[in-house]
Amino acid sequence: LLPQQLPAGRDSQFFGLLVPGPAVSGDFYDVIELDERHCLLVVAGVSGWGVPAAFLMLLVRGAIREAAARPGMTPSAILAAANDRLCGQSPFDGFATAFVALYDRETGTLSHSSAGNRAPCRIQADGSVLTLADAGGPALGVRKGIPYGEAVTRLEQEDTLFLCTEGVLRAVNAQREPFGEERLAAVLHQGRGLSARDRSALLLRAGEAHVGPGGQTGDIVCLTVRRLLPASELAPESEAAV
């Protein structure tokens, strides 16, 4: 159910990663290409474990994709529609957290909204790690008719957007210490100049080192988007190197 192929092009790099936990659950990521210029970025996690949680994940994914297919839908409108659809449909009164962003590959503009999910990190070209504005509302499937807020930011060339679910932050070591926000920011800062794939791999290795062998208890999901320098700006450097 994960995207079989992520968008490609000279303007941005996309990389998604899912490392499933030992029990059946339902965290996932999605990238929906709306046209040649715009795509929808999604990370989501569901409550509970087992087959009911996996079934709820199917409902969440379907509700978001159905709303995104309607013309002119913003991230906040997508979450509001998905929430109304999910209320009363959960097989065990579960809920889901989600982050949805509309990414303009041409301008780098990012409109985003969250349903109880942590705000993603923006890693600037100099390695600075910033947290996006926390705009949105509560988790999906709890109460019908909830409005969701929305915020807008812009990725500059060589900026990277890092999205993840709570499984990354809650991973604990032998001393029961969670990986946490501080470790996450430190690892993201180390990855200056890395591709979207390599940055995700760096985070995965740091998480594995933290929990130790066999220590992972939940799903690890992340989605990384790196906005690239225009080819015209790379040409002079390439020619000088030759």
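This is a short tour of a predicted model, stop by stop. Residues are numbered from 1 along each chain as its sequence is written. Local features need pLDDT of at least 70, side-chain atom pairs count only at pLDDT 80 or more, totals for chains, interfaces and linings use all residues, and side-chain values use heavy atoms, with hydrogens and water left out.

Colour by pLDDT, the predictor's confidence in each residue, from 0 to 100. The protein's mean is 85, and 89% of its residues reach 70 or more. Then select residues 232-242, where pLDDT is below 50; beyond near neighbours in sequence, this stretch has 1 contact (heavy atoms within 4.5 Å) in the model.

Next, show the open sheet: 5 antiparallel strands in the order 1-11-10-6-7. Strands (E, at least two residues) and helices (H or I, at least four) are DSSP runs, numbered from the N terminus; two strands pair if DSSP finds at least two bridges between them. Strand 1 (12-19) and strand 7 (129-131) are the edges, each with a single partner strand, so one side of each has no neighbour in the sheet.

Select residues 121-123, strand 6, which 3 bridges join to strand 7. Here C121 stands opposite T131.

Now select helix 5 (residues 196-211), which packs on the sheet and touches strands 1, 6, 10 and 11.

Last, select F14 in strand 1 and Y103 in strand 4, 89 residues apart. Both are buried (under 20% relative accessible area, 1.4 Å probe, protein chains only): F14 has 10% relative accessibility and Y103 0%.

Technical notes:
Axes fitted to C-alpha atoms, helices over the stretch in contact; angles between N-to-C directions. Buried < 20%, exposed > 50% of the residue type's maximum accessible area, 1.4 Å probe, protein only.
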